[in-house]
Amino acid sequence: MENWILELKLFSGILAGGISYFLGGWDGWLAALCTFMALDFVSGVIAALLNKSKKTAGGGLESRQMFHGGLRKILILVIVAVAVVLDHTLLPGQSTIRDVVCGYYIAEEALSILENAGACGVKLPGILLKTLEQLKEKHNGE
């Protein structure tokens with residue numbers, strides 16, 4: 001009985017290690033990106049449950065939209081992996097391109113979280129909106 005649990009843990013560890021390797025290693029940038037992606041998903045579901053989603057016709061929860069959102073997040077991680085390859089090729093030993101790409105998508109995800117919260121009637125601090133817009137513009141220009 002415990003043998004399959006051990007095999008599952010081993011498989012999970014190898015899979016997580018492989019994914020982390022292709023994404024440039026688990027560091028603050030990747031942890032922040034994954035956290036913001038998860039929070040964006042949660043805030044989107046909350047907005048949809050309250051019929052406030054701007055991504056569906058009726059503002060409600062739609063499995064097709066959730067599926068597309070999940071695919072979009074996978075594609076973000078694919079782009080991070082492309083940035084890692086570019087770093088290895090063009091800037092060996094550095095992660096400059098990857099860090100810029102992660103920063104850009106962190107800002108995108110954060111803005112989406114704020115949009116979802118705003119759609120649900122949560123008041124948003126102006127300084128936070130300004131800071132995220134500036135981060136997004138900074139990473140857009142590089």
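**View 1. Helices α3 and α4 are roughly antiparallel to each other, where angles under 35 degrees count as roughly parallel, over 145 as roughly antiparallel, 65 to 115 as roughly perpendicular and the rest as oblique.** The model is predicted, so local features need pLDDT of at least 70 and side-chain atom pairs count only at pLDDT 80 or more, while totals for chains, interfaces and linings use all residues. Residues are numbered from 1 along each chain as its sequence is written, and side-chain values use heavy atoms, with hydrogens and water left out. The axes of α3 and α4 come within 7 Å and cross at roughly 160 degrees (axes are lines fitted to C-alpha atoms, for helices over the stretch in contact, with angles running from 0 to 180 degrees between N-to-C directions). The contact (heavy atoms within 4.5 Å) is made by Arg72, Lys73, Ile76, Ile79, Val80, Ala83, Val84, Leu86, Asp87 and Leu90 of α3, facing Thr96, Ile97, Arg98, Val101, Cys102, Tyr105 and Glu109 of α4. By class, this contact has 11 nonpolar, one polar and five charged residues (Ala, Val, Leu, Ile, Met, Phe, Trp, Tyr, Cys and Pro count as nonpolar, Asp, Glu, Lys and Arg as charged, and the others, Gly among them, as polar).

**View 2. Helix α2 (residues 28-49) meets helix α4 (residues 96-119), with axes that come within 9 Å and cross at roughly 20 degrees.** That angle makes α2 roughly parallel to α4. The helices here are DSSP runs (H or I, at least four residues; strands are E, at least two), numbered from the N terminus. On the α2 side the contacting residues include Trp29, Leu33, Phe36, Met37 and Asp40, and on the α4 side they include Cys102, Tyr105, Ile106, Glu109 and Ser112. The residues of this contact divide into 13 nonpolar, five polar and four charged.

**View 3. Ser112 lies in helix α4.** Ser112 counts as buried, at 8% relative accessibility (buried means under 20% relative accessible area, exposed over 50% and partly exposed in between, with a 1.4 Å probe and protein chains only). Not counting residues up to four places away in sequence, Ser112 touches Asp40 and Lys55.

**View 4. The cysteines are shown in a structure that holds zero disulfides (a disulfide being a pair of cysteine sulfur atoms within 2.5 Å).** For the sulfur of Cys34, the closest cysteine sulfur is in Cys102 at 8.3 Å, which is too far for a bond. Cys34 is partly exposed, with a relative accessible area of 26%, and Cys120 likewise counts as partly exposed at 26%.

**View 5. Ser53 and Asn51 are placed in the loop between α2 and α3.** Ser53 counts as buried at 15% relative accessibility and, not counting residues up to four places away in sequence, touches Ala47, Ala48, Gly59 and Gly60. Asn51, by contrast, is exposed, with a relative accessible area of 52%. The backbone of Asn51 has a positive phi of about 55 degrees, although this residue is not a glycine.

**View 6. Leu129 is found in helix α5 (residues 126-141).** At 31% relative accessibility, Leu129 counts as partly exposed. Leaving aside neighbours within four places in sequence, Leu129 is in contact with Leu114 and Leu124. The C-alpha atoms of Leu129 and Ser95, residues that stand 34 apart along the chain, are separated by 27 Å.
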